[in-house]
Amino acid sequence: MSFIDLAVNCLKQDGVILVPTDTHYALAASPFSYPAAQRLGKMKAQKTEQATLCVTGINNLLPWVTLNSWQREQLQFFAQRYWPGALKLLLPKSDRVPGNPLMTGRSVAVLCNHNRLLNAIIAALGHPLMVLPASTATTSDGLINMTTARDNFGALVDMVIPSNNRNQCSHATTFVGLLNNHVELLRRGDVIIETEISMA
């Protein structure tokens, strides 16, 4: 059985794993696993946040969001220009998104990474992966590498996915909201999108 198969089997059995992304190492679980979402919430109790859905591309994403024509146009533009890459988008979610404790509200954050291992796991799983940065309340603002992630959560997760890919990012993902027919910069990162915002 391959390493990818082991990870997918773990996720399908309510497991939580550590995975590499284009920025942080991240805690990951199936969005369909309520027990895994509860575990993630307890692990991140001192730094509560909403999970991000990692996808392999627009086709992998569309069932999970409900877009009007303007949002669909903006998604196509940003995805073609910056995906895969360190750009996270906030979009209205569809009824397909499970009602777990880490995916509440009417919107969902989505991301498409370069990382081959992460994408192979998502493809084999057959649906997006729910992720949270493997940081703690006492972690510095820097990006979380595998060593720090393992130190923080290694004893609490079921599997650690190693990566030989060198992280090209120096900051967390750029985060852009595409709600209410308005492009909003929610967080600056390595991806610079100010020009696109002024043109939208």
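How exposed is Arg-39 in terms of relative accessibility? At 26%, Arg-39 counts as partly exposed, where buried means under 20% relative accessible area, exposed over 50% and partly exposed in between, with a 1.4 Å probe and protein chains only. The model is a predicted one, in which local features need pLDDT of at least 70 and side-chain atom pairs count only at pLDDT 80 or more, while totals for chains, interfaces and linings use all residues. Residues are numbered from 1 along each chain as its sequence is written, and side-chain values use heavy atoms, with hydrogens and water left out.

Helices (H or I, at least four residues) and strands (E, at least two) are DSSP runs, numbered from the N terminus. Asp-158 is partly exposed, with a relative accessibility of 44%.

Lys-93 is buried but has no salt bridge, and the nearest side chain of opposite charge, Asp-95, is 8.3 Å away; for charge, Lys and Arg count as positive and Asp and Glu as negative, with His and the chain ends not counted. What the Lys-93 side chain does reach is backbone oxygen: that of Met-103 lies 2.6 Å from one of its polar atoms, and that of Gly-105 is reached at 2.8 Å. Leaving aside residues up to four places away in sequence, Lys-93 touches several residues, among them Trp-64, Val-65, Thr-66 and Arg-106, contact meaning heavy atoms within 4.5 Å.

Turning to the aromatic rings, pairs of Phe, Tyr and Trp (its six-membered ring) have centres within 6.5 Å; planes under 30 degrees apart count as stacked, over 60 as edge-to-face and the rest as tilted. The count comes to three aromatic pairs. The Phe-77 and Phe-78 rings have centres 5.3 Å apart and planes at 80°, so this pair is edge-to-face. Phe-78 and Tyr-82, with centres 6.2 Å apart and planes at 25°, are stacked. These last two residues are four apart in helix α4 (residues 69-82), and therefore separated by about one helical turn. Ring pairs join Phe-77, Phe-78 and Tyr-82 into a cluster. Within it, Phe-78 is buried at 1% relative accessible area, whereas Phe-77 is partly exposed at 34%. Tyr-82 is buried, as is Phe-78.

Some backbone features complete the picture. A cis peptide bond joins Trp-83 and Pro-84, with omega about -5°, and Pro-84 lies in the loop between α4 and β4. Asp-14, in the loop between α1 (3-12) and β1 (17-20), has a positive phi near 65° although it is not glycine. Asn-181 likewise is not a glycine and has a positive phi, of about 55°; its place is in the loop between β8 (174-179) and β9 (182-187).

Methods: A salt bridge is a side-chain nitrogen of Lys or Arg within 4 Å of a carboxyl oxygen of Asp or Glu. A polar contact is a pair of N or O atoms within 3.5 Å; within protein, one must be able to donate a hydrogen and the other to accept it, and residues adjacent in sequence count only if both atoms are side-chain atoms.
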